[in-house]
Amino acid sequence: MTSSTTQTAPTFYPGLRYRDARAAIAWLCKAFGFAEQAVYGEGDVVHHAQLTFGNGIVMLGSSRPDSYGRSPAELGGAVSSTVYVYVAEIDAHCQRAKQAGAEIVRELQDTGYGSREYSARDPEGHVWSFGTYHPAVGD
């Protein structure tokens with residue numbers, strides 16, 4: 001990866017919905033090591049939140065009837081996409097997630113393409129994959 005990649009902001013940001021967005025924010029920070037960058041809303045409703053990890057950002061908010069989708073928990077557990085996050089210290093990250101109660105859906109393993117990774121389901125059913133695979137733009 002070039003230094004220019006590490007110094008620039010991401011150009012796209014996954015967006016997720018949660019029935020209880022405030023609880024999801026707290027859990028994602030505890031289990032996966034995200035950090036709150038911004039949270040906008042009133043009471044139990046989160047209109048928009050941004051969580052950071054490295055130079056990446058995931059946006060999320062409370063589920064509501066609009067075109068931005070629903071939490072898998074609201075859709076009978078159906079998962080239509082996942083988010084992949086690069087983590088240098090993957091073994092420690094996996095242990096942290098397990099200690100926080102994450103449901104591990106794919107155990108930590110070495111892959112044929114040189115990565116070490118695992119996947120976990122958050123409390124509302126979103127599947128997150130974490131690993132050492134770290135492609136640079138243009139690779």
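This is a predicted model: local features need pLDDT of at least 70, side-chain atom pairs count only at pLDDT 80 or more; totals for chains, interfaces and linings use all residues.
Buried means under 20% relative accessible area, exposed over 50%, and partly exposed in between (1.4 Å probe, protein chains only). An α-helix has 3.6 residues a turn, so residues three or four places apart point the same way. Helices (H or I, at least four residues) and strands (E, at least two) are DSSP runs, numbered from the N terminus.

Residues are numbered from 1 along each chain as its sequence is written. Local features need pLDDT of at least 70, side-chain atom pairs count only at pLDDT 80 or more, and totals for chains, interfaces and linings use all residues, while side-chain values use heavy atoms, with hydrogens and water left out.

Contact here means heavy atoms within 4.5 Å. K98 also belongs to α3. At 37% relative accessibility, K98 counts as partly exposed. Leaving aside residues up to four places away in sequence, K98 touches I104 and E107. K98 and Y40 are 58 residues apart along the chain, and their C-alpha atoms are separated by 29 Å.

G101 follows α3 and has a positive phi, near 95°. This glycine lies in the loop between α3 and β6. With a relative accessibility of 55%, G101 counts as exposed. G101 and A23 are 78 residues apart in sequence; C-alpha to C-alpha, they are 14 Å apart in space.

Several strands pair, which requires that DSSP finds at least two bridges between them. β6 and β7 are antiparallel and share five bridges. Within this pair, Q109 stands opposite E117 of β7. The two strands form a hairpin with five residues between them, and G114 in the turn has a positive phi of about 85°. R116 lies in β7 and counts as partly exposed at 25% relative accessibility. Its contacts, not counting residues up to four places away in sequence, are I90, D91, L108, Q109, D110, F130, G131 and T132. R116 and F130 are 14 residues apart in sequence and 8.5 Å apart in space, C-alpha to C-alpha.

Strand β2 (residues 35–42) pairs with β3 in the antiparallel sense over seven bridges. E36 stands opposite L51 in β3. The β2–β3 hairpin has two residues between its strands, and G43 in the turn shows a positive phi of about 55°. β3 also runs antiparallel to β4 (residues 56–62), joined by five bridges. There, A49 has L60 of β4 as its bridge partner. The hairpin of β3 and β4 has two residues between the strands, and G54 takes a positive phi near 60°.

β5 and β8 pair in the parallel sense, over five bridges. T82 stands opposite V127 in β8. β5 has a covered face, V83 and V85, and an uncovered one, T82, Y84 and Y86. In a regular strand the side chains alternate between the two faces of the sheet.

The second largest pocket has a volume of about 250 Å³. Of its 18 lining residues, the closest to its centre are L16, R70, S80, S81 and H126. On a 1 Å grid over the protein atoms alone, a pocket is an open set of points where a 1.4 Å probe fits, with protein on both sides within 12 Å along at least five of seven lines; lining residues have an atom within 4 Å of a point. Grid points are joined across faces, edges and corners, and the volume is the space filled by probe spheres set on the points. β1 (15–18) and β5 (82–86) each supply at least two residues of the lining. β1 gives the most, with three residues. By class, the lining has nine nonpolar, seven polar and two charged residues. Ala, Val, Leu, Ile, Met, Phe, Trp, Tyr, Cys and Pro count as nonpolar, Asp, Glu, Lys and Arg as charged, and the others, Gly among them, as polar.
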